[in-house]
Amino acid sequence: EKHIDDICLIRSMHCAVPNHPPSTLQMTCGDPLQARPSIGAWTLYGLGTENQNLPGMVSLCPEGYPGRFGPRYWGSGFLPGAYQGQFIDSQFTKIEKLIDNIRNGQVSTADQKRQLDLLRQLHTEHVRKVGDEGPLEARIQAFDLAFRMQMEAADVFDVSSEPESIREMYGDTVHGRQLLITRRLIERGVRFVQAWTGKGIPWDHHDDIMLHKRNAAKWDQPIAALLTD
């Protein structure tokens, strides 16, 4: 209640297609039918990122993809693939579960760097012969980012380093940790963060309007904590 004056409630939003998936697509991408660049991709495209060791856009959702169109909600559409978001399954607390393959148990850091340098050389030679290919460039950039994330991701997603008072303020719940991670990502220069309630369409209330009350209760403390923090 103490933060209600800091919240902007927009009641004029509407969608031309009265169904959940296209409405969510319009909310995140501006169009209910086409997979256009997401708002996060446009933000990253226009403003860039302040941290080269983390994704410029992160989408946090526990237990799986939100909605029906999943990656389209943080996708880059017709923009280069480098501007798409990184999905994180926020139900987990260990970094190895949060981000697949964040650790490499077979190859040292130095050897990984040499492999990436060789990959970049091969790509440069390929471009010289046949011209640039956007998808290939995006994939190589993703490899580079994954390598750099090994250095910093473990720290940003480890909320145990936060003071106990802060963790208690957010609450030891999935959504509490989710917004605490959101704050830590933004502090480290991540440009755009999406925080979803859960996989599928958890706010769908065709036969149980009290679902809104239960979902709102999950977010009340974390949102208040984020605004306070």
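In the predicted model, the second largest pocket is lined by 44 residues. Those nearest its centre are Gln 86, Ala 142, Leu 145, Ala 146 and Met 149. The space in this pocket comes to about 1300 Å³. Four elements, β2 (86-89), α3 (95-98), α4 (109-130) and α5 (134-156), each supply at least two residues of its lining. Helix α5 has the largest share, with 10 residues. By residue type, the lining of the second largest pocket divides into 22 nonpolar, 16 polar and 6 charged residues.

The largest pocket holds about 1600 Å³ of space. Its lining consists of 38 residues, and Met 13, Met 27, Ala 195, Thr 197 and Trp 203 are the closest to the centre. Two or more lining residues come from each of α1 (20-29), β3 (192-195) and α8. Of these, α8 gives the most, with 8 residues. The lining of the largest pocket comprises 20 nonpolar, 14 polar and 4 charged residues.

Helix α8, which spans residues 211-228, also contains Ile 223. On the surface, Ile 223 belongs to a nonpolar patch together with Ile 4, Ile 7 and Leu 227. The accessible area of these four residues together is about 350 Å². Ile 223 has a relative accessible area of 37% and is therefore classed as partly exposed, because this class lies between the limits of 20% for buried and 50% for exposed residues. The value of 37% also exceeds the 30% required of a patch residue.

Key
Residues numbered from 1 in each chain as written. Predicted model: local features only at pLDDT ≥ 70, side-chain atom pairs only at ≥ 80, totals over all residues. Heavy atoms only, no water. Patch = residues over 30% accessible without salt bridge, like charges linked within 9 Å, V, L, I, M, F, W, Y side chains within 5 Å. Areas by Shrake-Rupley, 256 points an atom, 1.4 Å probe, with all protein chains shown as cover. Salt bridge = Lys/Arg side-chain N within 4 Å of Asp/Glu carboxyl O. Buried < 20%, exposed > 50% of the residue type's maximum accessible area, 1.4 Å probe, protein only. 1 Å grid on protein atoms, 1.4 Å probe; cavity = no way out; pocket = protein on both sides within 12 Å on 5 of 7 lines; lining within 4 Å. Points joined across faces, edges and corners; volume = space filled by probe spheres on them. Nonpolar A, V, L, I, M, F, W, Y, C, P; charged D, E, K, R; others polar.
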